[in-house]
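Me: I have a structure to go through and I'd like to ask about it bit by bit. Here it is.

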Amino acid sequence: MRPSELVPLNRLREERYGKILCYPRHDRSELTRRLKELKGLGVKSVEFGGEKMAFDIPVLGKGYVGIVIVAHTDRGKVALKVRRVDADRSGMQREAEMLRRANGLDVGPTLLDTTKNFLLMEFVEGTLLPQWVEALRGRGTRSRIRRVLRGVLEQCWRLDEAGLDHGELSRAPKHIIIDENDCPRLVDFETASVNRRVSNVTSICQYLFIGSQAAKIIKKKVGEVDRKELINALKNYKQDRTRKSFKKILRVCGLDKVDRYGCGRSPSR
Ligand SMILES: Nc1ncnc2c1ncn2[C@@H]1O[C@H](COP(=O)(O)OP(=O)(O)O)[C@@H](O)[C@H]1O
Ligand SMILES: [Mg+2]
């Protein structure tokens, strides 16, 4: 990975960084407003680093709505999602509200603060799920993967139960981070909604076990899931969204006997 660059707030006025904070174009008055917001959020510096590039600057993530970078506050290292100036959203409040609800279910990075153009959240240090699975070797591999998969499914179950649809789990190569304690963390609640039919469990099963690059890797490491049986179990769950139907899915995926899949920030996990 490229080395990251730590830039204090007062140096962010430079056009080179303005282009990132006001992505995709530098805009002096907008940048001034945004730097004020950052100050209000207690941001002392930002760190440009990561696998993605925004122009010639490395960042954690780049999507249609935001750029994700690392920031430093008195609380330490955090993740900062920056609203693109050309985003079709007027502010970050809605995403923040979705993340706040997810946090209530012990899902997602902890929301720390939000302004019109920024969302400040816990920085999840870890590896994206497909790469994490791929890299595992040796004894205990299967059970570690199964525990993580069970954890992911349980989080999706909680979201389903609460009526909060993540919206981007059917193709989620960048939306599940496994942290250093083997805890899976779902990120990006930008397209989440409480106003549509939930499909977290069905989407994630599709992604993890049926049709994706990740599904291939998982199959290679923990064995095949009976596709027909899984599709039936998912159909059944769609009609009858109960814990019993969910357990049937777990059985078909070989995850029903997994124990210690909780990640213990709260006793309910
Ligand atoms: N809280 C976080 N901690 C660590 N990395 C994160 C965090 N939030 C997002 N990321 C990384 O940044 C990428 C982009 O974030 P995401 O919220 O998906 O942005 P977008 O809405 O633009 O797709 C993610 O795929 C993930 O790799
Ligand atoms: Mg995303």
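Me: Is the link of Cys183 and Cys263 left-handed or right-handed?

Reply: Left-handed, with -120° about the S-S bond. The link is a disulfide with an S to S distance of 2.4 Å; a disulfide here is a pair of cysteine sulfur atoms within 2.5 Å. Before we go on: this is a predicted model, where local features need pLDDT of at least 70, side-chain atom pairs count only at pLDDT 80 or more, and totals for chains, interfaces and linings use all residues. Residues are numbered from 1 along each chain as its sequence is written, chains are lettered from A and ligands numbered from 1 in the order in which they are written, and side-chain values use heavy atoms, with hydrogens and water left out.

Me: Is Cys183 buried or exposed?

Reply: Cys183 is buried, at 7% relative accessibility. Cys263 is buried too, with a relative accessible area of 18%. Buried means under 20% relative accessible area, exposed over 50%, and partly exposed in between, using a 1.4 Å probe and protein chains only.

Me: How many disulfides does the structure hold?

Reply: One. The sulfur of Cys205 has its closest cysteine sulfur in Cys253, at 4.8 Å, which is too far for a bond. Cys205 is buried, with a relative accessible area of 0%.

Me: New topic, the metal. Which residues are the protein donors of the magnesium ion (ligand 2)?

Reply: His175, through NE2, and Asp188, through OD, at 2.1 to 2.3 Å from the ion. Donors are N, O and S atoms within 2.8 Å of the metal (3.2 Å for Na, K and Ca), and water is not among the atoms, so sites may look incomplete.

Me: Where do His175 and Asp188 lie?

Reply: His175 lies in the loop between α5 (141-162) and β11 (176-179), and Asp188 in the loop between β12 (184-186) and α6 (200-210), so the pair ties together parts that are 13 residues apart in sequence. Both His175 and Asp188 are buried.

Me: What is the order of the open sheet of three strands?

Reply: The order is β10-β11-β12, with antiparallel pairing. Two strands pair if DSSP finds at least two bridges between them. The edge strands are β10 (126-128) and β12, each pairing on one side only. β11 and β12 pair over three bridges, and the bridge partner of Ile177 in β12 is Arg185.

Me: OK, salt bridges. How many are there?

Reply: The count is 23, where a salt bridge is a side-chain nitrogen of Lys or Arg within 4 Å of a carboxyl oxygen of Asp or Glu. One of them joins Arg144 and Asp182 at 2.8 Å, N to O. Arg144 is in helix α5 and Asp182 in the loop between β11 and β12, so this pair ties together parts that are 38 residues apart in sequence.

Me: Which residues are joined into one network?

Reply: Glu5, Arg11, Glu14, Arg16 and Asp56, through salt bridges that share partners. Within that group, Arg16 and Asp56 meet at 3.5 Å, N to O.

Terms used
Helix = DSSP H or I, 4+ residues; strand = E, 2+ residues; numbered from the N terminus.
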